[in-house]
Amino acid sequence: MILEAELIPRLRKGDEKAFRYLVETYQRRVYNTILALVQNAEEAEDIAQEVFVEVYETITAFRGEAKLSTWLYRIATSNALKAIQKKKAQKRFSFLSSLFGANNEVIYHPPDFHHPGVALEDKEQMQHLFAAIAQLADKQKIAFTLHHLDGLSYQEIAEVMQTSLSSVESLIHRAKQNLKKQLKYILIFH
């Protein structure tokens, strides 16, 4: 085990063992956070790799004002949001045209999403939950995911999101309210 105080200088020097330790220690958490946000396993893997490449390339810019894990989550959520925004822009018009078939019948099918932390018997319920999470505003989605799926405290989330503790509390509260509405709607029409 390498302590963070020792890890950061070693990373700055390009120490491969230190970088391998960083990846092995955080790759699962970073991947799961990204997966919860983008809801596509292949895309989450790509983004997670990009996160570690970015860390490797920019570690000298890390000022140490926050914990290394906080910085990793910040990069991970930022890159995931960029991917979501890019995908939304690309699919905006193709999605609208794909909603309807030749005779104007609705043919939209929600994505089949599987998260590695979900037991098989809970997959259907979690599919509904992740579909509802996907509908949240970006900041609510990040705060909710970091707290409920990654177990970060409100203070840690505030550091990751570079916002106040009261903002995080508000985001999570609104996320819960919106999820209740979404899940109620989904369950009524399911």
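Modeller: Start with the contacts in the protein chain. Among those between residues at least 6 apart in sequence, 58% join residues at least 24 apart. Keep in mind that this is a predicted model.

Biologist: How many helices and strands are there in the protein chain?

Modeller: Eight helices and zero strands. From the N terminus on, the order reads α-α-α-α-α-α-α-α.

Biologist: And what share of the 190 residues is buried?

Modeller: Buried residues make up 39% of the protein chain.

Biologist: Which residues have the most contacts inside the largest nonpolar core?

Modeller: L22, I34, V51 and L68. That core has 44 residues.

Biologist: Which elements give two or more residues to this core?

Modeller: They are α1 (4-12), α2 (16-38), α3 (41-58), α4 (68-98), α6 (138-149), α7 and α8 (165-189). The largest share comes from α2, with eleven residues.

Biologist: At what angle do α2 and α3 pack?

Modeller: About 140°, with their axes 8 Å apart. Angles over 145 degrees would count as roughly antiparallel. So α2 and α3 are oblique to each other. Their crossing is right-handed.

Biologist: Which residues make the contact?

Modeller: From α2, they are F19, L22, V23, Y26, Q27, V30, Y31, I34, L35 and V38. From α3, they are A41, E43, A44, E45, I47, A48, V51, F52, V55 and Y56. Two of the core residues with the most contacts, I34 and V51, are in those lists.

Biologist: What about E50? Where does E50 lie?

Modeller: In helix α3. E50 counts as partly exposed, at 46% relative accessibility. The C-alpha atoms of E50 and I75 are separated by 9.4 Å, and these residues are 25 apart along the chain.

Biologist: Let's go to the start of the chain. Which residues of α1 are buried?

Modeller: L7, I8 and L11. These residues cover an arc of only 95° around the axis, so they sit on the same side of α1.

Biologist: What follows α1?

Modeller: G14 does, with a positive phi near 80°.

Biologist: And how do α1 and α2 pack?

Modeller: At an angle of about 125°, with axes 8 Å apart. That makes α1 oblique to α2. The crossing of α1 and α2 is left-handed. L7, R10 and L11 make the contact on the α1 side. On the α2 side, K17, A18, F19, Y21 and L22 do.

Biologist: Next, K67. Where is K67 found?

Modeller: In the loop between α3 and α4. K67 is partly exposed, with a relative accessible area of 39%.

Biologist: What is K67 in contact with, leaving aside its neighbours within four places in sequence?

Modeller: E4, F62 and E156. K67 and E4 are 63 residues apart in sequence. In space they are 8.2 Å apart, C-alpha to C-alpha.

Biologist: How do the axes of α6 and α7 cross?

Modeller: At roughly 140°, and they come within 10 Å. That makes α6 oblique to α7. The crossing is right-handed.

Biologist: Which residues meet there, in α6 and α7?

Modeller: K139, I142, A143, L146 and H147 in α6. In α7, they meet Y154, I157, V160 and M161.

Definitions and conventions
Residues are numbered from 1 along each chain as its sequence is written. This is a predicted model: local features need pLDDT of at least 70, side-chain atom pairs count only at pLDDT 80 or more; totals for chains, interfaces and linings use all residues. Side-chain values use heavy atoms; hydrogens and water are left out. A nonpolar core is a set of buried Ala, Val, Leu, Ile, Met, Phe, Trp, Tyr and Cys residues joined through side-chain atoms within 4.5 Å. Buried means under 20% relative accessible area, exposed over 50%, partly exposed in between (1.4 Å probe, protein chains only). Helices (H or I, at least four residues) and strands (E, at least two) are DSSP runs, numbered from the N terminus. Contact means heavy atoms within 4.5 Å. Axes are lines fitted to C-alpha atoms, for helices over the stretch in contact, and angles run from 0 to 180 degrees between N-to-C directions. Angles under 35 degrees count as roughly parallel, over 145 as roughly antiparallel, 65 to 115 as roughly perpendicular and the rest as oblique. A crossing is left-handed if the near helix is turned anticlockwise from the far one by less than a right angle, and right-handed if clockwise. The arc is that of the directions from the helix axis to the C-beta atoms.
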